[in-house]
Amino acid sequence: MMLEGVDAQFDAFFRKFLVIFEEHFPMRKIFSNNFDPVRNAINKSPAVAASREELCETRAHLRSNVISRSIYRKKLKAHSLLLKDIRKSVNDARIYQSSNPTNEMWKVIRPPARAAPNVRLSIGGELIDDPQSVADIFSAHFGSFTGTPAGQQRAVHPDAASSVGISLKTFFVRPVTPHEVVSTCAAMKNTYGSPEGVPEQRSVPQGSLLGPILFLILVNDLPSLLQGESTKVINYADDTNFLARGGSIGDCVSQVQLKYELLETWISANELQLNTSKTKLVVYSSGRRDILTAPVLLGSAGVFNFSGSADFLGLEVDCRLSFRAHIGSIIPKLGSVCYCLRRLRVVSSRGTLMSAYYGLFLSRARYGILFWGAAHNNLSAIFKLQKRAVRIMAGASPSSSCRGVFRRLAILTLPSLYVLETVAFFRKHRSMEGHFDFDHEHDTRYGGTLLRTPSHHLELYKKSVEFNAVRLINHIVLYFKNELA
């Protein structure tokens, strides 16, 4: 009887304690940016719950010496494989269902990014940089829509979990927090805006559907204005490249200065603005000695110094056309992709890994290979990184051979891709074949089967697409002719 009285007294005390605790510490829904979909899927999986329960029973039997340790190890390994499969399936679904798979891949393998910097607000010339003050200004602005002062919102509804709610007395809006202001501004970055320094009434909002079309219509007459006998204009969207050819550097500089004055007149008439920070002057030459050139005065833009390379549609073209600058720029990017593949191999399936290889690695590695692939040093540097990526996907050691791995994964090597791209380019432009036919009717050994190697005077021509295409096609024809003989 005494025991029952103590239990009843404790139950009454505990119920009273819970009432006081919930009154002073109410439960609130907390929004967290660290939501882990993998952990959420593991916690909700019935198979994982059953496996954990079975593992606990096995551990209890192991302590009582009912089963051997090897059985427990097998079940522990099966549980680990189950968790690994769930992790891979969840990550695969995240990547394939995302609107930006590349960005989602980096989110899978990287920890959460650091918080964005605070947002500063300028009102009437006064700069407000305090995060809470900025949030209060937005709260007062949104609160004016409901007729409820900003100071009363937190007092009336301090535990409001939703953004907008309805009570029996009033319509309320939850106060804006500093974190929401920073997140919203970060999401709107580079979505709507106008170029800096250009009047808003003459600019096109970024992200609009008509923006690119309107800009192309605006600059449609620019190539015809600058085109000439010894000059050529290559215009792609907002990227304009002007090429001048001459017997000396002075002739080229004179043509550039003349055309630049016409360009400034056209820009002023169309109320546009030239980005001089991205304007470069490059002297392309086949000579081995460096060309010493003085700075050039171009119109009202000022003095320009000659650069060693320029970016042309994603290719870094240097003054010697060796493409070493381009290779040096993509090697760090491909190294980062190899790191991404190494991390993805643990948390995703083979299909996702192959998609990452083709989308992140091969797309960068083979871009412009027709131009830079003829140089052995360039091709060898990128081919080493390709072998590293293939070893990572196959789980092979760094010193193992890749010959069988390429065949097993059905991946073409980079030299094979160069041969394929070169021959396909030559066959696509069939009008080029007539320039390399033999111009005689003598019955020679290879007169009807091989193409004539073009004559040249420069060593640089041996790295061109035409020369290497003829050389590769002749080599392929001779190989099959000898094999079938």
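Colleague: How do you know that the span of H17 agrees with its 15 residues?

Modeller: This is a predicted model, and the values are computed from it. The expected span is 1.5 Å times one less than the number of residues. For the 15 residues of H17 that gives 21 Å, and the end C-alpha atoms are 21 Å apart, so the two values agree.

Colleague: What span does H18 reach, and what is expected of it?

Modeller: From first C-alpha to last, the 20 residues of H18 reach 28 Å, close to the 28 Å expected at 1.5 Å a residue.

Colleague: Why is H17 called roughly perpendicular to H18?

Modeller: The axes of H17 (residues 414-428) and H18 (residues 465-484) cross at roughly 100° and come within 9 Å. Angles of 65 to 115 degrees count as roughly perpendicular, and therefore H17 is given that label relative to H18. On the H17 side the contact is made by Tyr418, Val419, Thr422, Val423, Phe425 and Phe426; on the H18 side, by Val465, Asn468, Ala469, Val470, Leu472, Ile473 and Ile476.

Colleague: How do the residues of that contact divide into nonpolar, polar and charged?

Modeller: Eleven are nonpolar, two are polar and none is charged.

Colleague: Which residues of H17 and of H18 are buried, and what covers them?

Modeller: In H17, the buried residues are Leu414, Leu417, Tyr418, Thr422, Val423 and Phe426. Their cover includes H13 (350-365), H14, H15 (376-394) and H18. In H18, Val465, Phe467, Asn468, Ala469, Val470, Leu472, Ile473 and Asn474 are buried, and H14 (369-372) and H17 are among what covers them.

Colleague: What makes Ser464 a cap of H18?

Modeller: A side-chain oxygen of Ser464 lies 3.5 Å from the backbone nitrogen of Phe467, at the N-terminal end of H18. The cut-off for a polar contact is within 3.5 Å.

Colleague: Why does Glu104 get its burial label?

Modeller: Buried means under 20% relative accessible area. Glu104 has 12%, so Glu104 is buried. Glu104 lies in H5 (residues 101-109) and, leaving aside neighbours within four places in sequence, is in contact with Arg94, Ile95 and Ser98.

Colleague: Why does Met354 count as buried?

Modeller: The value is 15%, and the cut-off is under 20%. Met354 lies in H13 and touches Met393, Leu409 and Ile411, not counting residues up to four places away in sequence. Met354 and Met393 are 39 residues apart along the chain, with C-alpha atoms separated by 7.9 Å.

Colleague: Why does Leu313 count as partly exposed, and why does Ala410 count as exposed?

Modeller: Exposed means over 50%, and partly exposed lies between that and the 20% limit for buried. Leu313 has 33% relative accessibility and therefore counts as partly exposed. Ala410, at 62%, counts as exposed.

Colleague: What are the totals for the protein chain?

Modeller: The secondary structure comes to 18 helices and ten strands. Of the 485 residues, 28% are buried. Among contacts with a separation of 6 or more, 55% are between residues 24 or more positions apart.

How values were computed. Residues numbered from 1 in each chain as written. Predicted model: local features only at pLDDT ≥ 70, side-chain atom pairs only at ≥ 80, totals over all residues. Heavy atoms only, no water. Axes fitted to C-alpha atoms, helices over the stretch in contact; angles between N-to-C directions. Helix = DSSP H or I, 4+ residues; strand = E, 2+ residues; numbered from the N terminus. Parallel < 35°, antiparallel > 145°, perpendicular 65-115°, else oblique. Contact = heavy atoms within 4.5 Å. Nonpolar A, V, L, I, M, F, W, Y, C, P; charged D, E, K, R; others polar. Buried < 20%, exposed > 50% of the residue type's maximum accessible area, 1.4 Å probe, protein only. Polar contact = N/O pair within 3.5 Å; in protein donor to acceptor, adjacent residues only side chain to side chain.
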